[in-house]
Amino acid sequence: MAIHAVKGNWWNEPLHRMEIIWISIAFVWGLVMFSAMIYWHIAGQQNLSNEAYRIDPEVFAARAEAMADQYTIGEEGDTGVPIVQPPPGSDVYLIARLWEWWPVLQFEKDQSYRLHLSSMDWQHGFSLQPTNINIQVHPNYDLVLTITPTEAGEFFVVCNEFCGIGHHTMVGKIRVVDKK
Amino acid sequence: MSVGALEGALAWPEEKYRICGDTGLRVYAKAETLIKVNAVVGVVFLAVGGLFGLLVALTRWPAVHLLPAEWFYTLLTAHGAAVLLFWIIFFEMAILYFASAILLNCRLAAPKFAWLGFILMVVGSLMATVAVLQGESSVMFTSYVPMKAAPHFYLGLILFAVGALFGCMVFFGTLVIAKEEKTYEGSVPLVTFGAITAAIIAVFTIASGAIILIPTFLWSIGYIANIDSLTYKLVWWAMGHSSQQINVSAQVAIWYAIAALVLGAKPLSEKVSRSAFLLYILFLQLASAHHLLAEPGISSEWKVFNTSYAIYLAVLGSMIHGMSLPGAIEAAQRRRGFTKGIFGWLRQAPWDNPAFSGMFISLVLFGFLGGISGVVLGTEQINLLLHNTLYVPGHFHATVVAGTTLAFMAITYLVVPLIFRRELILPAVAKWQPYIFGIGVAGISLFMMGAGTLGVARRHWDITFSDSVFTFDYPGTAFLMMGLNGISAILAAIGGLMYVVVVVGSILFGKVRDEAAIKANPIVAPGAAVSSYGGEGTLKLPGTIVLVSVFFLAFVLYYFINWKFLSEVWPLS
Ligand code: HEM
Ligand SMILES: [Cu+2]
């Protein structure tokens, strides 16, 4: 009984056959799940980049602004937010700050970009919808990931790390267009 | 002063105790009082925190959208702290004292020290709750830097943790006394072993908490200039995740205790069950890693190694308990003559007894909803699909509410008659409570997971993004999920209220459980008082085999479905 002290040598009690089988299955299943992650690093297409740098928020902002100065192609409606279309393969910067994602980025379908994410203030959550990719964004860290949009259309970046009272208004936009 | 008087002053005073009419255990008055006060304060926090949970859920129901944004975030923070920290840990203190002093027939070591710990916990929890409700500390219970709370928020948490540490020390002290004074023979009971597991993990947890919360407190009063946001998370989760393993250990110990008390069930094998607890201690500390899977600046090797090598062996521990428990119950039932078919033993189980039904529902929901979703969520790459979505609270309401909270509720139905020595009032309400609460919590878990799978963010006031420059429309199903979540929340809240009414009502107004009541209404299974253990040998347990097979199938299928989902999103590297 589980609520009573046990006398005698319980360690040498024989095991139930079902226990041995179940423990073996569970153990092997653990190994399968372990291997699956490694396998995906080799053969899978969706892995979070390990490339990250420490960076000052001002430096990051300056790089984003330099990119915008060079590649702005217009303004998103009457929002005042520039639409920036950097060339495929280039370094692209997306600023997270209270409470916006800046600027609006325009990508070409099936092209890869080196997307940099960093925050100017608190932590934010990069949640790309409706694709559903979710990545944490920290201040002072510049995360660089290579991203390849596979469908054209309008996508949104919802903030999914609580960042204060305006958190729910923090939505950004990414456009994906077909290659000209 | 004469030598004799000095000796008298130093000697342990004889402590008052009684012999429990139900179990024959020796119950010391001081231990009993401490169990009572800790449990009662815990239940108060559950009642208040549960109400906050309901208000939060009603706000997240877009058609209702109850609270303004400021209150939503304030009460969400208060909800997390009140239930996850205060309710659970106060109740765990009661469990530690029960599993040491009561189960080992021993007096409590240093009851004054235990009271000091209790007072620190009360002061700390009140201080932190007040800080949150004042509105300047709506930082969520995780309080990620660089967002800053008021200093007394951190200070309250620190005092609370120190108090809990005192409780653990009293627990270990009691074990030592019991051993020295030979109040039991042989090895400690399995339930006590589970409690030891919980307490060891608690010490590690509180140490991590000190390492992170003390500097954060100093930072909040301006003494330290800067705290790195990533380092904070790493250490914070060494506390935050380990504390979940305390809950699991405590809850599994409670499952075994209820099965033993109600059915006279004994573990299939002491060796297996104890080794499974040991796996928790050995392989969980690094599980803090699975909270960092979507963070920058941490290598994949570190993430994969620490989430899996470490975590899958802890998962193994849970899978073992997931087999041992139904196995023990099936064996006990078959021994009592319920041998018809594969599931006759289960059909004939005491489903009217809320201690049993609560325990079994807790076991099933924890395994199927909480366990499977946890492993999927903790897979390095799949985490990208679900990180910070509502899937996360969906998962942990299955573990910590359907699992831990319901298990604690279930044992309360035994604690009230055995420790408070009161008969339950409103037995019909008590009988239905685990079902109503269980269905409600299964609902909130499933629907939050569903919404999360569709990308809905957690900790988010308005999924229609009012006042935002850009708005995005989540699919209609997401809104449906949030509505169903709201309805389930109402059900869960009703279940919670039923629990509070029965428990508080019984303690205050229940009939005193005297000799006659014990005879008329025995709550401990006949034979449960007999000390026996050992493998059930060759007894065939087909029902358990079917249950674990279904579980395993569901696990494997759901796991691979999520890889399939992942393979469809934009390539990333
Ligand atoms: C009536 C019962 C309950 C209901 C209806 C409920 C509902 C909710 C809802 C809707 C959320 C918010 C999800 C979000 O927007 O991110 C939440 C968060 C949470 N709940 Fe509950 N809950 C209940 C009981 C509990 C209990 C008993 C516990 C712990 C033992 C618990 C622990 C938590 C925690 C830790 C959070 C996360 C807070 C945060 O994100 O900072 N809940 N709950
Ligand atoms: Cu944000």
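Mentor: Start with the crossing. H7(B) passes H13(B) in a left-handed crossing. Left-handed means that the near helix is turned anticlockwise from the far one by less than a right angle; clockwise would be right-handed. The model is predicted, so local features need pLDDT of at least 70 and side-chain atom pairs count only at pLDDT 80 or more, while totals for chains, interfaces and linings use all residues. Residues are numbered from 1 along each chain as its sequence is written, chains are lettered from A and ligands numbered from 1 in the order in which they are written, and side-chain values use heavy atoms, leaving out hydrogens and water.

Now the geometry. Two packed helices are described by the angle between their axes and the distance between the axes. H7 covers residues 229–263 of chain B, and H13 covers residues 391–418 of chain B. Helices (H or I, at least four residues) and strands (E, at least two) are DSSP runs, numbered from the N terminus. The axes of H7(B) and H13(B) come within 9 Å and cross at roughly 40°. Axes are lines fitted to C-alpha atoms, for helices over the stretch in contact, with angles from 0 to 180 degrees between N-to-C directions. H7(B) and H13(B) are therefore oblique to each other. The classes are roughly parallel under 35 degrees, roughly antiparallel over 145, roughly perpendicular from 65 to 115, and oblique for the rest.

Next, who touches whom (contact means heavy atoms within 4.5 Å). From H7(B), the contact residues include Gln244(B), Asn247(B), Trp255(B) and Leu261(B). H13(B) contributes, among them, Thr399(B), Gly403(B), Phe408(B) and Leu414(B). By class, the contact has 13 nonpolar, six polar and no charged residues. Here Ala, Val, Leu, Ile, Met, Phe, Trp, Tyr, Cys and Pro count as nonpolar, Asp, Glu, Lys and Arg as charged, and the others, Gly among them, as polar.

Elsewhere in chain B, take Phe45(B). Phe45(B) sits in helix H2, residues 29–60. Phe45(B) is buried, at 10% relative accessible area. Buried is under 20%, exposed is over 50%, and partly exposed lies in between (1.4 Å probe, protein chains only). Leaving aside residues up to four places away in sequence, Phe45(B) touches several others, including Phe86(B), Trp87(B) and Phe90(B).

Then the cysteines. A disulfide is a covalent bond between the sulfur atoms of two cysteines. The cut-off for the sulfur pair is within 2.5 Å. Searching the whole structure finds zero disulfides over all chains. The sulfur of Cys106(B) is 17 Å from the closest cysteine sulfur, in Cys20(B), which is too far for a bond. Cys106(B) is buried, with a relative accessible area of 1%. Cys168(B) is buried, with a relative accessible area of 1%.

Last, the backbone. Lys182(B) lies in the loop between H5 (151–180) and H6 (190–220) of chain B. Asp467(B) lies in the loop between H14 (427–453) and H15 (476–509) of chain B. Lys182(B) counts as exposed at 67% relative accessibility, and Asp467(B) counts as exposed at 72%. In chain A, the peptide bond from Trp102(A) to Pro103(A) is cis, with omega near -10°. The bond from Gln129(A) to Pro130(A) is cis, with omega near 0°.
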